[in-house]
Amino acid sequence: MLFRSPSHQRSTEANSQANISHHYDLSNDLFRLFLDETLSYSSALFDTSVRTAPAGPGSVAEHLLAAPPEPVDHDDPRRHGPDLAEAQGRKIERMLDQAGVTDGTRVLEIGTGWGELAIRAARRGATVHTITLSVEQLELAEERIAAAGFADRVQVELMDYRALTAAGRTYDAVLSVEMIEAVGHEFWATYFQTIDAVLAPGGRVSIQAITMPHDRMLATRDSHTWINKYIFPGGFLPSIEVVDQITRGETSLRLVDQLEMGSHYAETLRQI
């Protein structure tokens, strides 16, 4: 039997901060115990080759596939594999490149984490507005941003993404790293419509997401799965197909390329 998700965990504006707090406000000291020095809580991108993979039916987006990281002998303590912090930096820099972030770019980040992407964007000369619903992440992100010397370029704000349109600001680039998983399938259209509304003409969006096959997503989206219960209350993992469908049907956004790097997530998990 598959149970439905509890109504009090629906990712409404009223519930979202409690959902995020459940996961991220466990204490910054706890996350420091197992994360790398960048404090990146997401998949890294190790230095491997990338090839073009077959596109899905009807897709015009370029589909790239990252080769798996070099195998590591897990029983040999002298071989720790590729450097995780370097790989996290590579991932972030690639996203910034894809979004066209350079000197003077107005950047919105949805889901601050502990500030590494905001710091790297500011280092390029961008001005950054980064939003989060985690009080503990906000406090440490502000400390790290100030220590890096970018407090004048980066604004960290406790804000739900749905409040962005009321703020009336527009951005040249919108980036979000593994935050869409917490949005919930009922609100995916709202999420992308919000991004569409605040993106300046000619702007770009770069999103990193944990996805699942489309048929599995359809079969489980109304159930209370393990990941809903223990990882993302009120959230749900999308498929590439549903992202393409929603952006085409509900926004002016278009999926133009994607990088598949699931094997890199496995290596990230192994190292942390």
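Which residue follows H4, and is its phi positive or negative? It's Gly125, and its phi is positive, near 100 degrees. Keep in mind that this is a predicted model, where local features need pLDDT of at least 70, side-chain atom pairs count only at pLDDT 80 or more, and totals for chains, interfaces and linings use all residues. Residues are numbered from 1 along each chain as its sequence is written, and side-chain values use heavy atoms, with hydrogens and water left out.

Now for H4 itself. The labels come from DSSP runs, numbered from the N terminus: helices are H or I with at least four residues, strands are E with at least two. H4 is mostly covered, with seven of its eight residues buried (that's under 20% relative accessible area, using a 1.4 Å probe and protein chains only). Those buried residues are Glu116, Leu117, Ala118, Ile119, Arg120, Ala121 and Ala122. What covers them? The cover includes H3, the strands E3 (106-110), E4 (127-132), E5 (154-158) and E6 (171-177), and helix H5 (135-147).

Let's look at one of those neighbours, H3. Two packed helices are described by the angle between their axes and the distance between the axes. Helix H3 (residues 84-98) and helix H4 (residues 116-123) have axes that come within 10 Å and cross at roughly 55 degrees. Here, axes are lines fitted to C-alpha atoms, for helices over the stretch in contact, and angles run from 0 to 180 degrees between N-to-C directions. H3 and H4 are therefore oblique to each other; angles under 35 degrees count as roughly parallel, over 145 as roughly antiparallel, 65 to 115 as roughly perpendicular, and the rest as oblique. On the H3 side, Gly89, Ile92, Glu93 and Leu96 make the contact, while H4 brings Glu116, Leu117, Arg120 and Ala121 (contact means heavy atoms within 4.5 Å).

Next, find the open sheet of three strands, in the order E1-E2-E8 with mixed pairing. Two strands pair if DSSP finds at least two bridges between them. E1 and E8 are the edge strands, each pairing on one side only. From one strand to the next, the twist averages 25 degrees.

Conventions. Buried means under 20% relative accessible area, exposed over 50%, partly exposed in between (1.4 Å probe, protein chains only).
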